[in-house]
Amino acid sequence: MPGTKRAFYRSLERLQTDYLDLYLIHQPYSDVHGSWRAMEDLYREGVIKAIGVSNFSPAQLADLMTFNSIAPMVNQVETHPFCQQWQATDFMQQHQITIEAWAPFAEGKNDIFTQPLLVSLAQRYHKSVAQIILRWLLQRNVVVIPKSVNPQRIAENFSVFDFSLTEQDMATIATLDLGKPLIANHADPERIKFIGTRRFAT
Ligand SMILES: NC(=O)c1ccc[n+]([C@@H]2O[C@H](COP(=O)([O-])OP(=O)(O)OC[C@H]3O[C@@H](n4cnc5c(N)ncnc54)[C@H](OP(=O)(O)O)[C@@H]3O)[C@@H](O)[C@H]2O)c1
């Protein structure tokens, strides 16, 4: 059995389930077309309900879509106020690929939780900075997957459906964009070489 399918069935065993809701290719390297075709088979068999990718640029998405039969349903990419992904979001939304933000809080980097503009919005809306960020992403139709180990913060992160940011406030947050990744640059050749040294067993 090819590596992708073997890895998938091992995951099912470990999770003690007989299907997965969503399965992603984590990074756009090596034999992504081979993995994708295996995932297409698993999707057609009904053992995965949605298939997608992560950290793919628009060009890499176009490559995958052009030379295969099923387009990715999700692309999970670094997206937060310092890396806003506007161009990539437009491409994904035009092609019905759901954008999912990883590290919506930039993993706390750049003092995001005390960033003055975000703090002033939080005070005005009587919300936390985390809630302002999540609301801003949701209003852009970006799916969010914030991580917290703290039950109070998990509840806080869900409580973002009782207010809306104005267009003007959305535009103000847009000014924080640095236009490049803060955490992981998947186009960096050195990163690709590094990942290549860490071969995962399948
Ligand atoms: N596809 C990929 O390549 C990729 C790469 C990285 C991450 N991810 C995924 O993305 C998800 C989230 O990303 P992440 O964990 O890297 O970063 P993140 O969600 O941006 O930040 C997590 C940090 O924010 C803190 N936090 C959470 N809620 C908060 C709140 N309401 N107020 C203040 N602090 C808060 C957490 O601390 P506490 O836990 O102490 O609350 C944690 O330190 C994870 O599921 C991860 O697996 C995917």
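Where is asparagine 110 found? Asparagine 110 is in the loop between β4 (98-102) and α5 (116-125); helices (H or I, at least four residues) and strands (E, at least two) are DSSP runs, numbered from the N terminus.

What you see is a predicted model, in which local features need pLDDT of at least 70 and side-chain atom pairs count only at pLDDT 80 or more, while totals for chains, interfaces and linings use all residues. Residues are numbered from 1 along each chain as its sequence is written, and side-chain values use heavy atoms, with hydrogens and water left out.

Domains, to begin with. The domain assignment gives domain 1 (1-72) and domain 2 (101-181); such bounds come from an automatic or database domain assignment. The C-alpha centres of domain 1 and domain 2 are 30 Å apart.

Next, the core. The largest nonpolar core has 48 residues. By nonpolar core I mean a set of buried Ala, Val, Leu, Ile, Met, Phe, Trp, Tyr and Cys residues joined through side-chain atoms within 4.5 Å. Buried here means under 20% relative accessible area, exposed means over 50%, and partly exposed is in between, with a 1.4 Å probe and protein chains only. Phe8, Leu61, Leu118, Ile132 and Leu165 touch the most other members of the core. Helix α6 (residues 129-139) supplies the largest share of this core, seven residues. Both domain 1 (1-72) and domain 2 (101-181) contribute at least three residues each to this core.

Now the ligand. How many residues surround the ligand? There are 21, and the closest are Gln76, Phe105, Glu107, Ser148 and Arg153. A residue is near a molecule if one of its heavy atoms lies within 4 Å of it. The shell around the ligand divides into 10 nonpolar, seven polar and four charged residues. For that division, Ala, Val, Leu, Ile, Met, Phe, Trp, Tyr, Cys and Pro count as nonpolar, Asp, Glu, Lys and Arg as charged, and the others, Gly among them, as polar. Helix α7 (residues 151-158) gives the largest share of the shell, three residues.

A polar side-chain atom of asparagine 157 is 2.8 Å from a nitrogen atom of the ligand. Histidine 26 places a polar side-chain atom 3.1 Å from an oxygen atom of the ligand. For proline 104, a backbone N or O atom lies 3.4 Å from an oxygen atom of the ligand. Taken alone the ligand exposes 910 Å², and the protein buries 74% of that; these accessible areas come from the Shrake-Rupley method with a 1.4 Å probe, and for residues only the protein chains shown count as cover.

On to backbone angles, and back to asparagine 110. Its phi is near 55°, a positive value in a residue other than glycine. Asparagine 110 counts as partly exposed because its relative accessibility is 43%. Serine 30 also has a positive phi, about 60°, although it is not a glycine. Serine 30 sits in the loop between β1 (20-25) and α2 (32-45). With 69% relative accessibility, serine 30 counts as exposed.

Some other loop residues. Asparagine 68 is in the loop between α3 (58-66) and β3 (74-78). Is asparagine 68 buried or exposed? Its relative accessible area is 12%, so asparagine 68 is buried. The side chains of asparagine 68 and histidine 33 are joined by a polar contact of 3.1 Å. A polar contact is a pair of N or O atoms within 3.5 Å; within protein, one must be able to donate a hydrogen and the other to accept it, and residues adjacent in sequence count only if both atoms are side-chain atoms. The asparagine 68 side chain also reaches the backbone oxygen of leucine 64, at 2.8 Å.

Cysteine 83 lies in the loop between β3 and α4 (86-94). Cysteine 83 is buried, because its relative accessible area is 5%. Between cysteine 83 and alanine 106 there are 8.5 Å in space, C-alpha to C-alpha, and the two are 23 residues apart in sequence.

Last, serine 159, in the loop between α7 and α8. With a relative accessible area of 30%, serine 159 is partly exposed. Serine 159 and glutamine 131 are 7.4 Å apart, C-alpha to C-alpha, and 28 residues apart in sequence.
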